[in-house]
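Please keep the sequence and the structure in view while reading.

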Amino acid sequence: MTRVGRLPAAVALGALFNPLNSSMIAVALPDIEAEFHVGIAAVTWLAAGFYLTGILVPPVMGTLADRLGPRRVFCAGLVTMAVTGVLAALAPTYPLLVAVRLLQAFGSCATMPAGMAIVQAAMAGEDGRPPPRVIAMISMVLTASAAAGPVLSGFLISLWGWRAIFLVNVPLAAVALTAALRWLPKVRVDGTRRALLPRPNLRLLATCGQFSMVNVVFYSAFFLVPLWAQRTAGVPAHVAGLLVLPMAALAIVMTPVAVALAARAGMRTVLVLSAALLLSGSLAMLAVGPVAMVLVAASLLGVASAFSQFGLNSLVFVHAGGRDTGVAVGLFQASRYVGAATASSLLGVMFERAGMGGSAWTMIGVSAVVLAGGLVLPVRRAAPSAGGGDRSGP
């Protein structure tokens with residue numbers, strides 16, 4: 001692997017922990033509920049607590065990366081993931097498991113903003129963005145790892161029980177830390193004092209808001225399909241996890257397609273098409289019952305997620321100032337968990353009361369808002385002069 005390829009590969013290895021651990025828990029909830037004798041509304045706080053922490057912590061971690069050095073913060077996050085993996089696997093009580101899960105969220109939230117700050121410092125182009133292929137690679141890993149979480153979780157639970165989904169972080173963190181220490185450069189730190197968050201930037205906030213709504217739909221499907229499969233259809237955990245496999249596979253396959261589409265038709269087309277696919281997948285959830293319809297819905301949502309992850313991630317670098325890359329990416333990562341926390345919180349109520357249909361209609365409503373947002377979301381860098389063009393295309 002060339003030096004140019006090693007840097008984004010190391011960042012991608014570290015960044016996968018956050019989306020992977022956010023979605024692996026979905027298949028484990030019924031088993032954890034049964035072992036600790038807590039209700040479904042209580043056990044979903046293992047997910048919601050992780051997401052709420054994910055809302056607050058990434059901007060702070062991004063600021064620390066901008067101040068103290070992104071490589072240092074990145075590696076500290078990986079060490080935290082290894083330690084919490086062991087502690088969660090050994091947790092004897094449900095409250096202790098929740099506490100360790102929150103600490104795990106802190107560690108997983110450090111790698112993405114710190115890693116992208118390194119990428120921005122080492123590889124930024126004339127338009128302020130890293131090369132589109134780098135954004136695409138990292139976006140592909142983020143989306144695929146989130147989508148693969150329930151699949152991996154299902155197999156781990158079937159073989160060794162729910163505690164294995166936490167313990168698997170230990171070898172993964174060891175590999176990622178080795179790559180980080182060997183391949184990530186030490187970049188200059190701007191030691192000047194700065195606010196916890198960058199100056200208000202409506203374009204960046206709009207991008208993050210759009211991403212949060214996409215993730216309301218995406219994570220609703222992550223939790224809804226395995227939960228429905230196990231509690232309503234009576235299928236085992238490893239089969240329930242496989243039902244969302246199309247999300248993972250298509251997230252990998254379709255991200256290069258999103259890059260090519262953005263180059264040919266512009267970023268607006270990518271955003272609108274991703275929203276239309278998101279709405280189509282949500283509508284398909286209303287017909288879920290036959291396994292074929294589950295796979296259709298998961299496929300549509302997987303393509304939508306690949307397109308939106310790449311498009312919106314690219315716009316972060318279009319709308320953010322270069323010296324605040326860490327905190328800007330932290331805000332973007334936090335917006336993922338605004339959506340994820342909303343999805344998991346709604347699911348505990350909606351599924352209990354109305355089953356699949358109630359949650360599907362929620363997904364449809366949010367998807368319609370995303371489609372409207374895709375039509376108006378700014379895709380150009382705000383230029384001081386009238387000569388600024390569309391900087392969002394690769």
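This is a predicted model: local features need pLDDT of at least 70, side-chain atom pairs count only at pLDDT 80 or more; totals for chains, interfaces and linings use all residues.

The largest cavity has a volume of about 80 Å³.

Its lining is formed by A15, N18, P19, M112, L142, F211, Q309, V329, F332, Q333 and R336. Sorted by class, the residues around the largest cavity comprise seven nonpolar, three polar and one charged. Helix α15, which spans residues 325–376, and helix α2 each supply at least two residues of this lining, and the largest share, four residues, comes from α15.

## Packing of α2 against α10

Helix α2 covers residues 17–36 and helix α10 covers residues 202–231, and the two pack at an angle of about 20° with their axes 8 Å apart. Because angles under 35 degrees count as roughly parallel, α2 is described as roughly parallel to α10. The crossing of these two helices, α2 and α10, is right-handed.

On the α2 side, the contact is made by P19, S22, S23, I25, A26, V27, L29 and P30, which meet Y219, F222, F223, P226, L227 and Q230 of α10. The residues of this contact between α2 and α10 divide into eleven nonpolar and three polar, with no charged residue among them.

Methods:
Residues are numbered from 1 along each chain as its sequence is written. Side-chain values use heavy atoms; hydrogens and water are left out. Axes are lines fitted to C-alpha atoms, for helices over the stretch in contact, and angles run from 0 to 180 degrees between N-to-C directions. Angles under 35 degrees count as roughly parallel, over 145 as roughly antiparallel, 65 to 115 as roughly perpendicular and the rest as oblique. A crossing is left-handed if the near helix is turned anticlockwise from the far one by less than a right angle, and right-handed if clockwise. Contact means heavy atoms within 4.5 Å. Ala, Val, Leu, Ile, Met, Phe, Trp, Tyr, Cys and Pro count as nonpolar, Asp, Glu, Lys and Arg as charged, and the others, Gly among them, as polar. On a 1 Å grid over the protein atoms alone, a cavity is a set of points where a 1.4 Å probe fits but cannot get out, and a pocket is an open set with protein on both sides within 12 Å along at least five of seven lines; lining residues have an atom within 4 Å of a point. Grid points are joined across faces, edges and corners, and a volume is the space filled by probe spheres set on the points.
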